[in-house]
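Hi everyone, thanks for making time for this. I'd like to walk you through one model, so let me put it up on the screen.

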Amino acid sequence: MATLKLFFSFLMVTVHLISSMAANRHMLMRNQMIDSNWYDAHATFYGDMSGGDTMQGACGYGDLFKQGYGLQTTALSTALFNNGLTCGACFEIKCFNDPQWCYPKAGSIIVTATNFCPPNYSKPEGNWCNPPLKHFDLSKPMFTKLAYYKAGIIPVKYRRVLCYKKGGVQFQIKGNPYWTLVLLYNVGGAGDVKDVKIKGSSIRSWLQMSRNWGVNWQTGAKLVGQSLSFQVTTSDGKMIEFDNVVPANWQFNQVFDGKKNF
């Protein structure tokens, strides 16, 4: 009996240590920086506290709650958006040098780029998203973690950080029998994807996909009835191969879990 109790005590300690190590790893990933330098920018917010206005957007995502991004998102000005190449990247942002509006000891937030803040050339002032300005248009819940909402606009410091996402990279298959469009989301690591290749089970070689817009990649190859594999490369050059993640009986608009992440 004593031996059995000792075994269960050892088992509980082991489980606790493993859980603690996993939690610490997640915290470390959240704090890892792609660029340790802080840069100047400004931030505003759009929509209300529900975040309904932040759904969809210029990067091509859909329901950000279902896709795991929630309200931890931002739209980027032209200078940061880079014609959609920055979609999926993560930024750490903190309110800076505005004691009237910055919350004391507010710390920082981490958000994923999911939308575009378009320029407005029709008026001479207040066009925060016009080139060459670097600007973040946050969801209201994210903005109010940093400053009073009545501020409207605040000076911030920002830097690129690695994205931590739970679970694998997700692949949503869209299009028609003659054209396949793949939406990639929940991408960790650098977050922004720079290259995608696809291979059907009846094809021996990898096919280069082209960016349609934002996080959507396309090919004109006929792939219906084949299991699908992907090679995905993020902006830092890291590549993961997802073999046969889409079964041969796939249907358009289905989502498939890559089971691996950056």
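Let's begin at a hairpin: strand 11 and strand 12 form it, with two residues between them. In that turn, G214 has a positive phi of about 55 degrees. Before I go further, please keep in mind that this is a predicted model.

How do the strands of the hairpin pair? Strand 11, residues 210-213, runs antiparallel to strand 12, and three bridges join them. To see this pairing on the screen, look for S210, which stands opposite Q218 in strand 12.

Strand 12, residues 216-219, also pairs with strand 8: that pairing is antiparallel too, with four bridges. Here you can pick out V182, whose bridge partner in strand 12 is W217.

L207 and T219 are twelve residues apart in sequence, and their C-alpha atoms are 8.1 Å apart in space. Is L207 buried, partly exposed or exposed? With a relative accessible area of 23%, L207 is partly exposed, because buried would require under 20%. Leaving aside neighbours within four places in sequence, L207 is in contact with V196, K197, I198 and A221.

Let me zoom in on F136. Not counting residues up to four places away in sequence, F136 touches a run of residues from A41 to T44, namely A41, H42, A43 and T44, and its other contacts include L80, F91, I93, V156 and Y158.

My last stop is H135, which lies in strand 5. Is H135 buried or exposed? H135 counts as buried, because its relative accessibility is 1%. Which side chain does H135 meet in a polar contact? The partner is T44, and the contact between the two side chains is 2.8 Å. Beyond four places in sequence, H135 is in contact with residues including H42, A43, L76, W128, C129 and I153.

That's my tour, and I'm happy to go back to any of these views.

Note on methods: Residues numbered from 1 in each chain as written. Predicted model: local features only at pLDDT ≥ 70, side-chain atom pairs only at ≥ 80, totals over all residues. Heavy atoms only, no water. Contact = heavy atoms within 4.5 Å. Buried < 20%, exposed > 50% of the residue type's maximum accessible area, 1.4 Å probe, protein only. Polar contact = N/O pair within 3.5 Å; in protein donor to acceptor, adjacent residues only side chain to side chain. Pairing = 2+ DSSP bridges.
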